[in-house]
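Subject: Structure for your review

Dear colleague,

Please find below the sequence and structure that I am handing over to you. My findings on its charged residues follow.

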Amino acid sequence: MPDANADPLIVAISSRTLFDMEDSHALFEREGLDAYADFQRSHEDDILRPGVAFPLVRKLLGLNEGAPPEAPRVEVILISRNSADTGLRIFNSIEHHGLSIKRAAFSNGAPPYPYIKPFGSDLFLSAHAEDVRAALAAGIAAATLLPAQAQQHRHDQLRIAFDGDAVIFGDEGERVSREGGLAAFAAYERANAGQPLSGGPFRGFLDALHRLQAAFPTGEAAPIRTALVTARSVPAHERVIRTLRDWGIRLDEALFLGGRAKGPFLEAFGADIFFDDSEHNIVSARDHVAAGHVPHGVANPR
């Protein structure tokens with residue numbers, strides 16, 4: 001068994017991302033809470049279909065099987081706006097699909113994000129944008145999860161891709177680019193090439209993922225593969241590389257696209273999920289992979 005003293009990787013997910021609940025959610029928006037509750041009770045033995053986060057969750061939990069002794073555990077927490085009563089259908093579906101999810105918070109319509117931090121979550125995925133913003137404000141990596149238009153899972157590995165600025169890193173460079181243009185950005189990055197970038201909202205999750213990844217063999221046998229997929233290009237690449245080196249973080253692949261559309265590259269990588277702060281990049285990504293919008297930084301003013 002993995003080391004009980006190792007910090008686990010904890011991912012909190014909403015019920016609407018784990019399972020396909022869009023029909024019942026539409027009923028709630030159309031007819032209200034009572035109609036929704038009656039529907040869930042009358043269908044509590046009907047198994048919910050997998051949602052956008054389901055393949056990711058299955059791969060995450062699968063990392064616990066046959067893990068080396070030093071590997072941290074992976075835990076998935078259910079965070080839901082359902083009540084415990086209407087949530088019975090969700091638990092029945094979890095059991096049917098064989099998912100090892102033991103902890104949950106049902107907020108009965110209230111914002112559930114206050115419970116994410118006490119669970120020690122490293123990442124929160126939800127279909128509710130305001131809950132995601134609140135989690136980010138509390139210092140938790142979070143994203144609004146959107147399904148791919150036509151997603152294919154071609155790898156047994158868990159494959160996660162990240163944008164750089166305003167996701168892994170701070171958004172200082174992005175602010176310079178918006179204020180002064182690409183030339184100003186290139187000059188700023190060249191002048192600060194030896195200065196590590198500040199951490200963005202996903203640095204903590206990346207640290208936790210790296211600790212987990214480091215417990216497994218490298219190469220083709222590794223169960224996790226990560227990639228940086230950024231619009232940066234030469235000469236702005238150097239600061240990124242030096243920052244990751246300074247942090248002691250390994251990313252398996254790095255794609256410096258110089259503004260090219262990210263979707264085809266994410267498909268080539270075979271990402272299970274991609275995180276980006278730009279809605280424009282999310283639109284491109286969703287043609288190919290599941291995408292998590294990170295509403296953080298200068299690209300996402302309130």
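Asp-276 is buried, with a relative accessible area of 0%. Please note that the model is a predicted one. Asp-276 forms a salt bridge with Lys-262, in which the closest N and O atoms are 2.8 Å apart. This pair links distant parts of the chain, since Asp-276 belongs to strand 9 and Lys-262 to the loop between strand 8 (253-256) and helix 10 (263-269), 14 residues apart. Lys-262 is likewise buried, at 1% relative accessible area.

Asp-277 lies in the loop between strand 9 (273-276) and helix 11 (279-286). Asp-277 is buried but has no salt bridge; Arg-178, the nearest side chain of opposite charge, is 6.0 Å away, whereas a salt bridge requires a nitrogen-to-oxygen distance within 4 Å. Beyond its neighbours within four places in sequence, Asp-277 is in contact with several residues, among them Asp-163, Asp-165, Glu-174, His-293 and His-296.

In the whole structure, 17 salt bridges were found. One of them joins Asp-38 to Arg-41, with 3.2 Å between the closest N and O atoms. The two residues are three apart in helix 3 (residues 33-42), so about one helical turn separates them. Asp-38 is partly exposed at 49% relative accessibility, and Arg-41 is partly exposed at 38%.

A further salt bridge connects Asp-171 and Arg-175 at 3.1 Å, N to O. Here Asp-171 is buried, at 10% relative accessible area, while Arg-175 is partly exposed, at 39%. Finally, Asp-165, Glu-189, Arg-232 and Arg-239 are linked in a network of salt bridges.

Yours sincerely

Notes: Residues numbered from 1 in each chain as written. Predicted model: local features only at pLDDT ≥ 70, side-chain atom pairs only at ≥ 80, totals over all residues. Heavy atoms only, no water. Helix = DSSP H or I, 4+ residues; strand = E, 2+ residues; numbered from the N terminus. Buried < 20%, exposed > 50% of the residue type's maximum accessible area, 1.4 Å probe, protein only. Lys, Arg positive; Asp, Glu negative; His and termini not counted. Contact = heavy atoms within 4.5 Å.
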